[in-house]
Amino acid sequence: MEGERDLTTGSIPGHFRALAVPAAIGMVFSTLYNVVDVWYAGLLRTDAQAALAIGFIAFFILSTVGFGLSSAMGALVGQAIGRKDRAEARRLAGQGIVFGAAASLILMGAGLWLGPMLIGLVSEPGPYRDLALSYFRVMLLAMPGFVLGFGLNGVLQALGDTVSMSRAMIAAFFANLVLDPLFMFGLPGVVGGIGFDGIAAATVASQTGVLAFLAFRLFRRPFGRELSRGDFRPRPAALGQIAVQLAPVSFAMAVMLVAGFVVQFYMKSFGPAAVAAYGLGLRIEQLVLLPAFGVTGALLPIAAQNFGAGHHHRVRRAVFDCWKIGLAYMAIACPALWLSAHLLLGLFTDDPEVIAIGTGYLHVDVVILPLYMMLFAVNSLLQALRQPLWTLWIGIYRQAVAVALFAWLFSTVLGLGIWGVWLGIAAAVVTGLAVSIAVAEFVAGRMIGGLFLAKHVAAYTATEADR
């Protein structure tokens with residue numbers, strides 16, 4: 001149907017191109033959106049960039065419900081679409097929207113006391129902590145844009161539509177480019193600005209616009225027009241089903257962000273320059289990972305629809321194609337990042353200490369970026385198979401236990417200082433990938449006949465016709 005894509009037939013690489021390219025473009029503009037914030041914060045001082053780094057992470061820990069809701073909608077609605085059960089797909093979509101609206105309100109209230117606690121854990125008293133707290137409180141108004149907006153995007157992705165979010169993020173980037181300086185500095189002689197808090201205010205305005213656009217795109221499609229009032233009437237069973245699918249993904253994402261707090265805990269002992277360098281390094285890392293995010297994100301609806309249709313061989317093929325495409329990209333991107341790390345950091349700051357620390361982080365990062373891509377693909381597969389609890393356990397090991405353990409071992413015990421933190425992150429990723437691949441084979445063995453075992457080679461080879 002118009003605005004929908006059947007992922008259970010046709011070329012799998014073709015589906016990846018159709019879904020991943022718009023998704024990656026949208027993510028490029030999403031990250032550039034954040035880069036704009038970092039750049040404008042840098043016009044103030046290093047303290048402002050450090051405040052942005054910790055304030056944004058604190059906000060994202062709460063907004064991870066949106067990532068979970070997106071994943072839940074992608075898996076649940078996607079599988080229903082694959083089974084050709086449109087009535088069930090509509091019910092799940094309606095309940096997901098209800099869930100997202102209620103969760104947004106609850107999180108806004110909870111954030112008033114959780115935010116200061118989170119920020120206090122990873123910062124020392126002083127100007128940059130005060131700035132982070134103020135920024136966070138304004139950002140709470142953007143919660144519906146993130147949580148409900150991601151939920152709507154999950155429904156659209158289940159229908160094979162990644163273009164809508166791409167267009168929304170392109171528009172949001174250009175809006176942010178104008179709104180950041182407008183809210184920060186005002187219009188001379190007309191109205192004054194609100195300083196650093198203007199960055200948060202611009203995010204509230206632009207993300208609310210993204211939410212409105214995604215709602216418009218969904219409800220103008222045949223699927224959206226078919227939604228009835230009954231689909232939005234709260235149904236405890238359906239809401240519980242969404243919560244079960246959502247919770248592990250959200251917790252796993254929260255654990256990942258907590259890992260950022262663990263790193264920030266070590267960073268604060270090295271001063272604001274180290275905190276700012278890590279924040280800038282993460283932004284650049286995200287830019288490099290964007291195409292990988294697009295490809296691994298496309299895997300979820302492809303795998304979900306084909307699993308729902310019982311096409312297990314196509315699920316396996318999709319995983320391997322995802323890895324091949326991602327690794328081919330990394331073979332180009334990683335050397336480029338190594339050579340340009342110093343230059344890229346210099347675009348955001350002229351502080352030589354921040355640039356030196358950030359360059360070290362990015363050079364270590366080059367080695368583990370391909371492993372990140374493979375990890376993301378495993379997570380998408382597990383979510384598509386409606387086994388998100390495994391992503392939580394993998395995340396707890398890699399992003400909480402392993403990061404803390406290895407960072408402490410290398411930085412404190414072995415006395416490697418800040419380099420020990422970078423090496424600790426790398427060790428956590430390497431061991432985390434080993435665990436995730438073992439889990440993926442175990443789960444796939446029960447649900448789709450496995451991924452790697454020799455007895456499946458014939459079935460895997462037979463899928464060449466699907467290409």
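Predicted model: local features only at pLDDT ≥ 70, side-chain atom pairs only at ≥ 80, totals over all residues.
## Briefing on loops, helix packing and core

Lys84 counts as exposed, because its relative accessibility is 56% and the cut-off for that class is over 50%.

**Loop residues with positive phi**

- Lys84 belongs to the loop between α2 and α3, the latter covering residues 86–121, and its phi is near 65°, which is a positive value in a residue other than glycine.
- Arg386 is found in the loop that lies between α13 (352–384) and α14 (389–413), and although Arg386 is not a glycine, its phi is positive as well, at about 60°.
- Arg386 counts as partly exposed because its relative accessibility is 30%, a value that falls in between the limits of under 20% for buried and over 50% for exposed.

**Packing of α6 with α7**

- Helix α6, made of residues 163–185, packs with helix α7, made of residues 197–219, at an angle of about 155°, and their axes are 8 Å apart.
- The two helices α6 and α7 are therefore roughly antiparallel to each other, since angles over 145 degrees count as such.
- The crossing that α6 and α7 make is right-handed, and the residues of their contact comprise 16 nonpolar, six polar and three charged ones.

**The largest nonpolar core**

- The largest nonpolar core holds 156 residues, of which Phe16, Val77, Phe196, Phe223, Met267 and Trp422 touch the most other members.
- Helix α2, running over residues 46–82, supplies the largest share of this core, namely 20 residues.

Technical notes. Residues numbered from 1 in each chain as written. Heavy atoms only, no water. Core = buried A, V, L, I, M, F, W, Y, C linked by side-chain atoms within 4.5 Å. Buried < 20%, exposed > 50% of the residue type's maximum accessible area, 1.4 Å probe, protein only. Helix = DSSP H or I, 4+ residues; strand = E, 2+ residues; numbered from the N terminus. Axes fitted to C-alpha atoms, helices over the stretch in contact; angles between N-to-C directions. Parallel < 35°, antiparallel > 145°, perpendicular 65-115°, else oblique. Left-handed = near helix turned anticlockwise from the far one by under 90°. Nonpolar A, V, L, I, M, F, W, Y, C, P; charged D, E, K, R; others polar.
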